[in-house]
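Here is a short report on one protein model. Look over the sequence and the structure first, then read on.

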Amino acid sequence: MGHFSIGEIPDGDMTFLAPAFEAAGLIDDSVLSERPEDFDSVRAALAVLEEHFGLSLPRDAVLEGRLPAAVTALTHPENLGD
């Protein structure tokens with residue numbers, strides 16, 4: 001596992017994503033002038049990740065429905081201060 005923040009260039013264990021980020025115009029500063037004025041780098045980064053990993057969420061389910069959740073804590077939130 002690796003990590004990086006949106007807006008950062010993936011490095012370390014995540015360098016395999018760098019070509020996809022570059023193709024989307026997120027790495028090479030020389031393409032800044034070629035980007036549309038309303039270019040959203042966060043949306044572009046998320047689109048790259050979605051495409052690379054084959055992820056998708058149905059728009060209607062996100063806007064209108066309930067999404068599944070996963071529990072990642074062993075302690076119930078009410079007991080976190082204990």
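## An aromatic pair

F53 has a relative accessible area of 43%, so it is partly exposed. This comes from a predicted model. F16 also counts as partly exposed, at 41% relative accessibility.

How many aromatic pairs does a search of the whole structure find? The search finds 1. The ring centres of F16 and F53 lie 6.2 Å apart, and the ring planes meet at 85 degrees. The pair is therefore edge-to-face, because planes over 60 degrees apart count that way. This pair links distant parts of the chain. F16 lies in the segment before α1, while F53 is in helix α2, residues 41–53. The two are 37 residues apart.

## A nonpolar patch

Which residues make the nonpolar surface patch of about 240 Å²? They are I6, V42 and L46. I6 sits in the segment before α1, and α1 spans 18–23. With a relative accessible area of 39%, I6 is partly exposed.

## The largest pocket

The largest pocket holds about 190 Å³ of space. Its lining is made by L46, E50, L55, S56, L57, R59, V62 and L63. Two elements give two or more residues to this lining: α2 and α3 (59–64). The largest share comes from α3, with 3 residues.

One residue ties two of these features together.

Key:
Residues numbered from 1 in each chain as written. Predicted model: local features only at pLDDT ≥ 70, side-chain atom pairs only at ≥ 80, totals over all residues. Heavy atoms only, no water. Patch = residues over 30% accessible without salt bridge, like charges linked within 9 Å, V, L, I, M, F, W, Y side chains within 5 Å. Areas by Shrake-Rupley, 256 points an atom, 1.4 Å probe, with all protein chains shown as cover. Salt bridge = Lys/Arg side-chain N within 4 Å of Asp/Glu carboxyl O. Helix = DSSP H or I, 4+ residues; strand = E, 2+ residues; numbered from the N terminus. Buried < 20%, exposed > 50% of the residue type's maximum accessible area, 1.4 Å probe, protein only. Phe/Tyr/Trp six-rings, centres within 6.5 Å; stacked < 30°, edge-to-face > 60°. 1 Å grid on protein atoms, 1.4 Å probe; cavity = no way out; pocket = protein on both sides within 12 Å on 5 of 7 lines; lining within 4 Å. Points joined across faces, edges and corners; volume = space filled by probe spheres on them.
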